[in-house]
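These are my notebook entries on a structure that I am looking up for the first time. I write down each term with its cut-offs where I first need it.

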Amino acid sequence: MSLREDIKQAALDYHKNPRPGKIKITATKALTTQQDLALAYSPGVAAPSMAIAEDPACAADYTSRANMVAVVTNGTAVLGLGDIGPLASKPVMEGKGVLFKKFAGIDVFDIEIDEKDPDKLIDIIAALEPTFGGINLEDIKSPECFYIEEKLKKRMKVPVFHDDQHGTAIICGAAVINALHVVGKDISEVKLVTSGAGAAGMACLDLLVALGMNMDNIIVSDSAGVLYEGREDLESERKREYAKGVKQQTLTEALDGADIFLGVSVAGVLKPEMIKNMAKDPLIMALANPVPEIMPDLALEVRPDAIIATGRSDFPNQVNNVLCFPYIFRGALDVGATGINEAMKTACVHALAQLARMEVSEVSSKAYGGKELKFGREYLIPQPFDPRILIHVAPAVAQAAMDSGVATRTIDDMAEYEHQLNEFVYQSGLLMRPVFDAARKDLKRVVLAEGEDERVLRAVQVINNDQLAKPILIGRPDVVTTRIKRIGLNLQIGRDFELVNPQEDPRFKDYWMLYHGIMERHGVSPEIAKAIVRTRTTVIAALMVKRGEADAMLAGLTGRYHKVLQHIIDVIGLKDQTPSGLSAVATDMGSYFITDTNVNSNPSAEEIANMAISAAEKVRAFGKTPRLALMSYSNFGTRDGNSPEKMRKALKLIRKLAPDLAVEGEMDAEYALMPNIRAHVFPNANYTEPANLLIMPNLDAATMALNMIRYFSQGVTVGPMLMGTQLPAHVLNPSSSVRRIINMVAIAAVDAQMQQAQQ
């Protein structure tokens, strides 16, 4: 494997800085007090140890074993580097561990073993069973890898999975199923020729046969040529099985009339002239890395009707094992599977194939430079960064494990399990779940002003699938239709959403006359009113809410926040004179709400009191009890100044207006978030837990706090949520993602429910 010098140096720097390697171990429990120490180690640790001794299944409850996989190698077949030894393989194994953690939340120890004797290696790995919930064998050379895996599967009662074999086979299987779907061929009738009879090649063939391919239609070749019946050097039983009934011939002859070429061998083995006589619409899977058996451009010159897949990320249809191993282990671990069987592998294949036929996610599109991906010849399998893979594949694998009898634990509520996986994929998922659940109970009409925006269209697909609201979009029909088609969404105007055409709507006269009636004493003439209603989709959305044609609205993906907000205030009006913005950030340490993050630059004590009470109501909609901290540089009267005095006055007002609220202040972040410190200096505080609603003295403090928490915690922001309007409305930021739009639609829908309940 050769590397460009710039890539080589960048990779070395990446692995060295800021600290060597790619992984570290972190504790999942607090260890700050003597009590913590007593529970974590002696004497408390004896309790779980005794429980496990009595019932080994308890290890899943009291240790990390049920979420821990060993990535094991002896370094004899590392990527394209060959037998470089176990120590040199460590960066690769660490990388595998990072992928497990990133894509499926699975903890990994990479274990590099200096042992080439297969039986000794088997003994070492088998002895690790008490430590790990699963074993991922990696980069062990053929044919020893077959023998090692089979022996370990018989000896161990945890999943043992040789990714080089089965991971490649699963992704290959999904690609084959979808390619045949695209060209309309039956898997039981197609002819396949493969180059490569090593671990990956044979595993691919075995799985394809399990998926319905006829073994009699498969011809295999290795480095010595085509496997045929009677060839004397076929020592492997698996090779002899695939040689039955095959006559002696060249690879070129074998390819005559073939529907599929599967290459898991070496670069350049497939020449352009060899594929000329393949069947119509051939599938060419050239998976050798880094240089495939044939380059896609060369193949397409000879066979422009070909569908090409490679192992490279710079060509369409990358067969990448990361699409498989994190998710098949996630499903297996979650039901305590004793192994990974054919049923689980085929379930993984079908889940991946089905996902590729669905609309491409925004995250996946962004990860590949914004390229529009749509199921077809150049998009047969999902992209590795598609966040939906976990949600689709792990449940399918877990269900297959339960159905096939290898699960030791059951998932009784698969919908709940999928919710949990969704919360891992989307950090905001746990925070948003009560809002989503509430939104589904009574679907409200939410109008989105920027209906032509592709992010809105992608969001509508999810909103419909998850049944969060009844979407209404504002946009030109031809533009919306073109963009739906371009990004490959399964959406139809009228069926999946209502569309309001700003250029030609029968209600135009009613709209502009209403707007003129509202704004005529603000210098807006009838002609100006007509022009604004014709061109400002925010105004149309606000008028729809005002007229009762929509229950809530979202706007702001284009334009400046305060201009969009002003249109909403002009049409919808305010409950009081204090509109404000609330944002939330979901972190591993919990969720925090911060106000005012968008509207008021320096609010008065009265305005702070009003927004604090409104924000507390919003926090309750997330299923949380609000604990308010009025933030300042002073702690309970230690310093004077504009900010502390304002927050003290606000505290008195809040307690007068909402005496049941848990509110304290003024105080700084340390006192708000660390109860032990607060209790030491102010033991009579109104609550003893960390604050979860931080009321900031001004816009500077609010925006800085929000962005610093988000940056240092790698958290995900929900919002901004607009408070104080007469009817439900929210202003998005131009940088809002699809996920944020989805979240805000659900929040707007729940706002509408609450508005209705108050009427």
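Entry on the sheet. I take two strands to pair if DSSP finds at least two bridges between them, and I take helices (H or I, at least four residues) and strands (E, at least two) as DSSP runs, numbered from the N terminus. The model is a predicted one, in which local features need pLDDT of at least 70, side-chain atom pairs count only at pLDDT 80 or more, and totals for chains, interfaces and linings use all residues. Residues are numbered from 1 along each chain as its sequence is written, and side-chain values use heavy atoms, with hydrogens and water left out.

I looked up an open sheet of 6 strands and noted its order as 7-6-5-8-9-10, with mixed pairing. Its edges are strand 7 (225–226) and strand 10 (307–310), each of which pairs on one side only. Strand 6 (residues 218–222) pairs with strand 7 in the antiparallel sense over 2 bridges, and there Ser 221 stands opposite Val 226. Helix 8 (residues 163–183) packs on this sheet and touches strand 8 (260–263), strand 9 (283–286) and strand 10, its direction making about 160° with that of strand 9. For this I used contact as heavy atoms within 4.5 Å, and axes as lines fitted to C-alpha atoms, for helices over the stretch in contact, with angles from 0 to 180 degrees between N-to-C directions.

Entry on the aromatic rings. Rings of Phe, Tyr and Trp (its six-membered ring) pair if their centres lie within 6.5 Å, and planes under 30 degrees apart count as stacked, over 60 as edge-to-face and the rest as tilted. By this rule the structure holds 8 aromatic pairs. In one of them, the centres of Phe 100 and Phe 329 are 5.5 Å apart and the planes stand at 70°, so I wrote the pair down as edge-to-face. This pair links distant parts of the chain, with Phe 100 in helix 5 (residues 86–104) and Phe 329 in helix 13 (residues 325–334), 229 residues apart. Both Phe 100 and Phe 329 are buried, where buried means under 20% relative accessible area, exposed over 50% and partly exposed in between (1.4 Å probe, protein chains only). Ring pairs also join Phe 100, Phe 161, Phe 325 and Phe 329 into a cluster.

The charged end of Lys 96 sits over the ring of Phe 325, 4.1 Å from its centre; the rule asks that NZ of Lys or CZ of Arg be within 6 Å of the ring centre and within 35 degrees of the ring normal. Helix 13 is mostly covered, as 9 of its 10 residues are buried, and just after this helix Gly 336 takes a positive phi of about 60°.

Entry on the cysteines. How many disulfides does the count come to? Taking a disulfide as a pair of cysteine sulfur atoms within 2.5 Å, I found that the count comes to 0. The sulfur of Cys 145 has its closest cysteine sulfur in Cys 204, 12 Å away, which is too far for a bond. Cys 145 counts as buried because its relative accessibility is 1%.

Entry on Glu 549. This residue is found in the loop between helix 23 (537–546) and strand 14 (552–555), and Glu 549 is buried, with a relative accessible area of 16%. Leaving aside neighbours within four places in sequence, I listed the contacts of Glu 549 as Arg 445, Ile 472, Arg 507, Tyr 511 and Met 544.
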